[in-house]
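Here are my notes on the model you sent. Please read them with the structure open.

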Amino acid sequence: ARTSTAVATRQPNLKFPLSFRRQFSQSKSARSGHGPSYDPPSGWLFGVKPGEKYQKEGWEGIWYWGFYGSFALATIAYAFKPDTSIQTWALEEARRRLEAEGILQDPDTKPKE
């Protein structure tokens with residue numbers, strides 16, 4: 001009996017395990033949906049014929065109020081946010097230290113007449 005030292009054994013690849021390779025290479029693509037979703041072109045802008053009134057869908061009002069309302073609230077919040085810049089803090093700290101040393105007068109005190 002002849003034995004060969006070059007036995008064809010399949011050794012696992014440690015970079016890409018067999019389960020990982022099988023998952024992407026042999027799996028069938030699954031399509032989802034509930035039928036065709038293609039609307040053929042009608043030639044009218046947004047599918048509304050001239051003379052007809054556009055009817056809003058149920059989500060449109062909520063979306064408009066939610067999107068533009070949150071934009072307005074964010075604008076107001078940004079306008080009234082506190083100034084937390086390092087320059088403002090440094091200016092206030094310098095003013096406090098100069099007032100404590102007596103170099104700068106306290107702006108809250110009234111001048112004597």
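1. F67 counts as partly exposed because its relative accessibility is 42%, where buried means under 20% relative accessible area, exposed over 50% and partly exposed in between (1.4 Å probe, protein chains only). F67 sits in helix α2. Helices here are DSSP runs of H or I with at least four residues, strands are runs of E with at least two, and both are numbered from the N terminus.

2. A word on the basis of these notes. The model is predicted, so local features need pLDDT of at least 70 and side-chain atom pairs count only at pLDDT 80 or more, while totals for chains, interfaces and linings use all residues. Residues are numbered from 1 along each chain as its sequence is written, and side-chain values use heavy atoms, with hydrogens and water left out.

3. The protein has 3 helices and 0 strands, in the order α-α-α from the N terminus. Of its 113 residues, 2% count as buried.

4. Which residues form the aromatic cluster? The members are W63, Y64, F67 and Y68. The structure holds 4 aromatic pairs; rings of Phe, Tyr and Trp (its six-membered ring) pair if their centres lie within 6.5 Å, and planes under 30 degrees apart count as stacked, over 60 as edge-to-face and the rest as tilted. One of the pairs, W63 with Y64, is edge-to-face, at 5.7 Å centre to centre and 75° between the planes. W63 and F67 are stacked, because their ring centres are 5.0 Å apart and their planes are at 5°. These two residues are 4 apart in helix α2 (residues 58–79), so about one helical turn separates them. W63 at 41% and Y64 at 35% relative accessibility are both partly exposed.

5. W59, W63, Y64, F67 and Y68 make a nonpolar surface patch of about 590 Å². Patches are made of residues with over 30% relative accessible area and no salt bridge, with like charges joined within 9 Å and nonpolar side chains (Val, Leu, Ile, Met, Phe, Trp, Tyr) within 5 Å.

6. An unreviewed UniProt entry annotates residues 62–80 as "transmembrane region"; positions are given in the numbering used here, feature names are shortened, and annotations may be inferred rather than shown by experiment. In the model, this stretch is 95% helix and 0% strand, with its end C-alpha atoms 27 Å apart.

7. Helix α3 (residues 86–101) has 16 residues and spans 22 Å from first to last C-alpha, close to the 22 Å expected at 1.5 Å a residue. That expected span is 1.5 Å times one less than the number of residues. G102 follows α3, with a positive phi near 90°.

8. How many salt bridges does the whole structure hold? The search finds 4, a salt bridge being a side-chain nitrogen of Lys or Arg within 4 Å of a carboxyl oxygen of Asp or Glu. E92 and R95 meet at 2.9 Å, N to O, and lie 3 residues apart in α3. E92, R95 and E99 are linked in a network of salt bridges.

9. E93 has a salt bridge to R96, with the closest N and O atoms 3.7 Å apart, and another to R97 at 3.1 Å. R97 is exposed at 54% relative accessibility, whereas E93 is partly exposed at 22%.

Note on methods:
Areas by Shrake-Rupley, 256 points an atom, 1.4 Å probe, with all protein chains shown as cover.
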